[in-house]
Amino acid sequence: MASPDPFDPQNPPAIRRSSPMRPLPRLIFASRWLQLPLYLGLIIAQGVYVMHFLVELLHLVEAAFGSQTALQALISSIGYKTDAPITALNETVIMLVVLALIDVVMISNLLIMVIVGGYETFVSRMDLEGHRDQPEWLSHVNASVLKVKLATAIIGISSIHLLKTFINADNYTDRVLIAQTVIHITFLLSAMAIAYTDKLMSKEH
């Protein structure tokens, strides 16, 4: 009797029963759980960012109601300097504080992508299929997709930093402005290169 053709979709070969893993491969495969403390540490860092966000938001609200202590705390945190004393919120200070809050949110989103996507890709399945709160990007995540999304998130964070620097340009030297612009362009080119490489690999597959 002829053996089944492995390339015939109508007559697939019998699936071989999986044999128990040998001790060394089992140990190597189980070593992926060493990454678990890293992801738990990122969750703690996420909590620190949440606390920082709430503190800055509280200072902004208090400064809006005339608190000079909160106003000075905001000015110090955003690094805003001017020759004239600031006794009340102005448009520039509000804009810099809001951009700082957006920056925290974007970094928090980046942390979530690393925690959830990294755990799903490199440690263990989370079995979120069919869950109503499953992130859209997680349904087709892999190492390549994760790299592209992380690169895109980093570009967004860099854009916020660059915008904050340009709004507060009087407090920076030309060297710092040029350096931050070059770094942002480098991030942008790197993300384009990663996306193009991913596209080429997808075509090959």
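Of the 205 residues in the protein, 27% are buried, where buried means under 20% relative accessible area, exposed over 50% and partly exposed in between (1.4 Å probe, protein chains only). This is a predicted model, in which local features need pLDDT of at least 70 and side-chain atom pairs count only at pLDDT 80 or more, while totals for chains, interfaces and linings use all residues. Residues are numbered from 1 along each chain as its sequence is written, and side-chain values use heavy atoms, with hydrogens and water left out.

View 1. Helices (H or I, at least four residues) and strands (E, at least two) are DSSP runs, numbered from the N terminus. Among contacts in the protein with a separation of 6 or more, 60% join residues 24 or more positions apart; contact means heavy atoms within 4.5 Å. Confidence is highest in α2, at a mean of 93, and lowest in helix α5 (residues 143-167), at 83. Where pLDDT is low, the predicted coordinates should not be read in detail.

**View 2. Packing of helix α2 against helix α3**. Two packed helices are described by the angle between their axes and the distance between the axes. For α2 (residues 36-64) and α3 (residues 68-78), the angle is about 130° and the axes are 8 Å apart. That angle makes α2 oblique to α3. Axes are lines fitted to C-alpha atoms, for helices over the stretch in contact, and angles run from 0 to 180 degrees between N-to-C directions. Angles under 35 degrees count as roughly parallel, over 145 as roughly antiparallel, 65 to 115 as roughly perpendicular and the rest as oblique. The α2 and α3 crossing is left-handed, a term used if the near helix is turned anticlockwise from the far one by less than a right angle (right-handed if clockwise). From α2, the contact takes in E56, H59, L60, E62 and A63; from α3, A70, L71, A73, L74 and S77. These residues comprise 6 nonpolar, 2 polar and 2 charged. Ala, Val, Leu, Ile, Met, Phe, Trp, Tyr, Cys and Pro count as nonpolar, Asp, Glu, Lys and Arg as charged, and the others, Gly among them, as polar.

**View 3. L40 in helix α2**. L40 has 46% relative accessibility and therefore counts as partly exposed. Its C-alpha atom is separated by 8.3 Å from that of I115, 75 residues apart along the chain.

**View 4. Packing of helix α4 against helix α5**. Helix α4 (residues 91-123) packs with α5 at an angle of about 170°, their axes 10 Å apart. The two helices are therefore roughly antiparallel to each other. Their crossing is left-handed. By class, the contact of α4 with α5 has 20 nonpolar, 6 polar and 3 charged residues.

**View 5. K164 and S158 in helix α5**. Leaving out residues up to four places away in sequence, K164 touches L96, L99, A100 and D103. K164 and T92 lie 72 residues apart in sequence, with 10.0 Å between their C-alpha atoms. S158 is buried, at a relative accessible area of 11%. Beyond its neighbours within four places in sequence, S158 contacts H184 and F187.

Note on methods. pLDDT is the predictor's confidence in each residue, from 0 to 100.
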